[in-house]
Amino acid sequence: AEQAAGAFDGARAAWKEAGREGEPRLVVINYFALGDVELGRANAHHYYEMFGDYADAVAKGVNGSADDLNATTKAFQDLGVDELIYIPTTDDVDDVARLADIVL
């Protein structure tokens, strides 16, 4: 959420500068792995490795617990995000059910 805050501020400012009414729709993605967190982080890192150090940041940001997910959800709500999309980083379908139990 900290990384996105500046981008969202910039989007809001550009929106107003362009003379648009209302507010821009802010959508963000966040990765998670609730079963095997290290595998999830490794998968995210592998996916982004062509971007160098950015891959490290993405892998580090993979949420691996209910506390992490709740904190991330609240942080994005506090930023005024319209939609938060959680993306699993493993193929464990139970992670999706656990996510729903945590954030819904």
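# Exercises: exposure, contacts and patches

Tyrosine 54 is partly exposed at 45% relative accessibility. Here buried means under 20% relative accessible area, exposed means over 50%, and partly exposed lies in between (1.4 Å probe, protein chains only). The model is predicted: local features need pLDDT of at least 70, side-chain atom pairs count only at pLDDT 80 or more, and totals for chains, interfaces and linings use all residues. Residues are numbered from 1 along each chain as its sequence is written, and side-chain values use heavy atoms, without hydrogens and water.

## Exercise 1. The fold

Task: State how many helices and strands the protein has, and give their pattern along the sequence.

Solution: 
- Step 1. Count the elements. The protein has 5 helices and 2 strands. These are DSSP runs numbered from the N terminus: helices are H or I with at least four residues, strands are E with at least two.
- Step 2. Read along the sequence. The pattern is α-β-α-α-α-β-α.
- Step 3. The C-alpha trace spans about 45 × 35 × 20 Å along its principal axes.
- Step 4. Of the 104 residues, 30% are buried.

## Exercise 2. Two ends of a distance

Task: Find how far apart glutamate 17 and aspartate 91 are in sequence and in space.

Solution: 
- Step 1. Compare the separations. Glutamate 17 and aspartate 91 are 74 residues apart in sequence. In space, their C-alpha atoms are 43 Å apart.

## Exercise 3. Salt bridges

Solution: 
- Step 1. Count. The criterion is a side-chain nitrogen of Lys or Arg within 4 Å of a carboxyl oxygen of Asp or Glu.
- Step 2. Take arginine 12. Arginine 12 is partly exposed at 21%. Aspartate 9 is partly exposed too, at 49%.
- Step 3. Take arginine 41. Arginine 41 is partly exposed at 24%, while glutamate 38 is exposed at 55%.
- Step 4. Take arginine 25. Arginine 25 is exposed at 57%. Glutamate 83 is partly exposed at 32%.

## Exercise 4. Rings

Task: Count the aromatic pairs, then follow tyrosine 48 to its partners tyrosine 47 and tyrosine 54.

Solution: 
- Step 1. Count. The structure holds 6 aromatic pairs.
- Step 2. Pair tyrosine 47 with tyrosine 48. The geometry is edge-to-face, 5.0 Å centre to centre with 80° between the planes. Rings of Phe, Tyr and Trp (its six-membered ring) pair if their centres lie within 6.5 Å; planes under 30 degrees apart are stacked, over 60 edge-to-face, the rest tilted.
- Step 3. Check exposure. Tyrosine 47 is exposed at 57%. Tyrosine 48 is buried at 13%.
- Step 4. Pair tyrosine 48 with tyrosine 54. This pair is edge-to-face, at 5.6 Å between centres and 80° between planes.
- Step 5. Ring pairs link Tyr31, Tyr47, Tyr48, Phe51 and Tyr54.

## Exercise 5. Surface patches

Task: Name the residues in the patch of negative charge and in the nonpolar patch.

Solution: 
- Step 1. Set the rule. Patches use residues with over 30% relative accessible area and no salt bridge; like charges are joined within 9 Å, nonpolar side chains (Val, Leu, Ile, Met, Phe, Trp, Tyr) within 5 Å.
- Step 2. Find the negative patch. Asp36, Asp91, Asp92 and Asp94 gather on the surface. Aspartate 92 lies in the loop between strand E2 (83-88) and helix H5 (93-103). This aspartate 92 is partly exposed, at 30%.
- Step 3. Find the nonpolar patch. Val27, Ile29 and Ile85 make a patch of about 210 Å². Accessible areas come from the Shrake-Rupley method with a 1.4 Å probe; for residues, only the protein chains shown count as cover.
- Step 4. Look at isoleucine 29. Its place is in strand E1. Isoleucine 29 is partly exposed at 39%.

Key: Lys and Arg count as positive and Asp and Glu as negative; His and the chain ends are not counted. The place of a charge is taken as NZ of Lys, CZ of Arg, CG of Asp or CD of Glu.
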